[in-house]
Structure formats: C-alpha cells, structure tokens
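Trainee: Please take a close look at the sheet in this model. I would like one connected account of how the strands pair and what the side chains around them do.

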Amino acid sequence: SKVVVESDSPLERASGATWQVGRQLFVFGGQSRLGILADMWRFDLDTRRWSEVVTARKPTARYGASAWT
C-alpha cells in the first residue's frame, strides 16, 4: 500500500543511509538527479510528516554510507 505523506519531503535518492530510532526514520545523503547529497531528513511514522534536520555542522555529501543505532 502507499503511504500518504502530509508534508514536504526529501528529494528522491538512491544509496542514502537510513535508520530508525523509535517511531522515526532518518535518511542522510545519497545520490539524486542533482548529484551527491548532504541533507538529513526525519520521517515521523505516527504523524506521517517529513522534517529536515538542520545541524550547525553538516557532514560532507556522500552516498553508499551505512548507519546503525
């Protein structure tokens, strides 16, 4: 089935790092039609909303990275 998203969402991407903490999914980096990405997004499974995670120091852009919690 398709998940209906209630907010703005990240660019489509391949090879991003994805992990789950509680009821939230996180996505970092990857490769899109615009090139290699350095953004991080959080998806709340309860509200079905995306929000961009903004930090003072952004990691370098990358794709094919791994993540774990």
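Mentor: Threonine 18 stands opposite valine 27 in β2, and the bridge partner of alanine 17 in β2 is phenylalanine 28. Strands here are DSSP runs of E with at least two residues, numbered from the N terminus, and two strands pair if DSSP finds at least two bridges between them. Before going on, note that this is a predicted model, in which local features need pLDDT of at least 70 and side-chain atom pairs count only at pLDDT 80 or more, while totals for chains, interfaces and linings use all residues. Residues are numbered from 1 along each chain as its sequence is written, and side-chain values use heavy atoms, with hydrogens and water left out.

The two pairs above belong to the antiparallel pairing of β1 with strand β2 (residues 24-32), which runs over 5 bridges. Their hairpin has 2 residues between the strands, and glycine 22 takes a positive phi near 60 degrees there.

The whole sheet is open and has 4 strands in the order β1-β2-β3-β4, with antiparallel pairing. Its edge strands, each pairing on one side only, are β1 (17-21) and β4 (49-52). On average, neighbouring strands of this sheet are turned by 25 degrees against each other, direction ignored; the axes behind this angle are lines fitted to C-alpha atoms, and angles run from 0 to 180 degrees between N-to-C directions.

Serine 32 has its place in strand β2. Its relative accessibility is 12%, so serine 32 counts as buried (under 20% relative accessible area; exposed is over 50%, partly exposed in between, with a 1.4 Å probe and protein chains only). A polar atom of the serine 32 side chain lies 2.9 Å from the backbone nitrogen of leucine 34. Leaving aside neighbours within four places in sequence, serine 32 is in contact (heavy atoms within 4.5 Å) with Leu11, Glu12 and Leu37.

Now the aromatic side chains. A search of the whole structure finds 3 aromatic pairs; rings of Phe, Tyr and Trp (its six-membered ring) pair if their centres lie within 6.5 Å, and planes under 30 degrees apart count as stacked, over 60 as edge-to-face and the rest as tilted. The rings of tryptophan 19 and phenylalanine 26 are stacked, because their centres are 5.6 Å apart and their planes at 10 degrees. Both tryptophan 19 and phenylalanine 26 are buried. Tryptophan 41 and tryptophan 50 have ring centres 6.4 Å apart and planes at 85 degrees, so this pair is edge-to-face. Tryptophan 41 counts as buried because its relative accessibility is 12%. Trp41, Phe43 and Trp50 form one aromatic cluster.

Key. A polar contact is a pair of N or O atoms within 3.5 Å; within protein, one must be able to donate a hydrogen and the other to accept it, and residues adjacent in sequence count only if both atoms are side-chain atoms.
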